[in-house]
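Have your viewer open and try each task before reading on.

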Amino acid sequence: MKKRSYFKTRSLPYLLILPQVVITLTFFYWPAVQGVISSFQLSDPFGLYTKFVWFDNYIALFKDPLYLKSIVTTLVFSGLVATVSISFGLFLATMANRVLKATTFTRTLLIWPYAIAPAISGILWLFLLHPSYGVVAIFIEDFFGIDWNPLLESSHAMLMIVMASAWKNVSYNFVFFLAGLQAIPHSLIEAAAMDGASPFRRFWTITFPLLSPTMFFVTVMTIIFSFFESFGIIHAVTQGGPGGSTNILVYKVYQDGFIGLNLGSSSAQSVVLMSLIILITFLQFKYVERKVQYTG
């Protein structure tokens, strides 16, 4: 028989969930509604005067070449971060899943970067890749002859924030890939090995298909991470520069809203950003999830 919970009064369950409901309404739904309303308004920098302008803020956004460039930059950035972090996370999980000495210690070292704050992660990479005193930057210039300068070169700045964001997210993907690998029955791998399948063929025909639910999950989460949680890295390292080359959508919302004090445009950008990530997630669930092979 299944055990069920019984409450002495009908009001007790509602009382228990009341704190969570209040927090969700206060810190999620109410700000979201206020943001949508503000996106249809034109206000002074201090919010003392507002005027409904309907869709003027949205029309102005999509006529702004800098905003359109920011959309392209965000898509390129998120695609690169997802590709790098998922690939390295899967590679490290595959290596860690093997029988190694000091396995627990090794796995701990691979996980700890995720505990570092995004801003600290960005500062660490800036310290390594700064053109004046960065150890890695000096090595690149001395051994490869490349004049590395992410403070002036757009491609160098994009590469630096991609590496910083991917490095932080590799640990997150590593944890889920390792859990997925450990859930695969070893008997399947051993049977394929006995049939003469090479390690690469065993991975591609058995391991990888069985990891498809994990792959789908980390892909969705990594894209969401690159859209939102990379703000701290960009703010600490490039501030959207040089020349707006790393000015992704979430950072442009900050620039226009908190620095430029254009509250209506900033709110409209927030709505567009949220709509874009909802659309991407919907397309992933609609088309990508079809190829996921669930076992049970």
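On a 1 Å grid over the protein atoms alone, a pocket is an open set of points where a 1.4 Å probe fits, with protein on both sides within 12 Å along at least five of seven lines, and lining residues have an atom within 4 Å of a point. Please keep in mind that this is a predicted model, in which local features need pLDDT of at least 70 and side-chain atom pairs count only at pLDDT 80 or more, while totals for chains, interfaces and linings use all residues. Residues are numbered from 1 along each chain as its sequence is written, and side-chain values use heavy atoms, with hydrogens and water left out.

**Exercise 1.** Find which residues lie nearest the centre of the second largest pocket, and work out which helix gives the most to its lining.

*Solution.* Start with the volume, the space filled by probe spheres set on grid points that are joined across faces, edges and corners. For the second largest pocket it is about 510 Å³. Next, look at the 16 lining residues: T94, N97, R98, I189 and T207 lie nearest the centre. Helices here are DSSP runs of H or I with at least four residues, strands are runs of E with at least two, and both are numbered from the N terminus. At least two lining residues come from each of α3, α8 (186–194) and α9 (199–210), and α9 gives the most, with 5 residues. Finally, sort by class: Ala, Val, Leu, Ile, Met, Phe, Trp, Tyr, Cys and Pro count as nonpolar, Asp, Glu, Lys and Arg as charged, and the others, Gly among them, as polar. The lining then splits into 9 nonpolar, 4 polar and 3 charged residues.

**Exercise 2.** Repeat the analysis for the largest pocket: how much space lies in it, and what classes of residue line it?

*Solution.* The largest pocket holds about 620 Å³ of space. It is lined by 20 residues, and P31, A32, S270, V271 and M274 are the closest to its centre. Helices α1 (11–39), α12 (249–259) and α13 (263–288) each supply at least two of the lining residues; the largest share, 7 residues, belongs to α13.

**Exercise 3.** Determine how α8 and α9 are oriented to each other, and which residues make their contact.

*Solution.* The axes of α8 and α9 come within 10 Å and cross at roughly 165 degrees. Angles under 35 degrees count as roughly parallel, over 145 as roughly antiparallel, 65 to 115 as roughly perpendicular and the rest as oblique, so α8 is roughly antiparallel to α9. With contact meaning heavy atoms within 4.5 Å, L188, I189, A192 and A193 of α8 meet R202, I206, T207 and L210 of α9. These divide into 6 nonpolar, 1 polar and 1 charged residues.

**Exercise 4.** Now try α3 (residues 65–96) and α7 (residues 154–182): at what angle do their axes cross?

*Solution.* The two axes come within 6 Å and cross at roughly 40 degrees, which means that α3 is oblique to α7. Their contact has 19 nonpolar, 7 polar and no charged residues.

**Exercise 5.** Locate the cis peptide bond and say which loop holds its proline.

*Solution.* The cis bond joins G241 and P242, with omega about -5 degrees. P242 sits in the loop between α11 (231–237) and α12.

How values were computed:
Axes fitted to C-alpha atoms, helices over the stretch in contact; angles between N-to-C directions.
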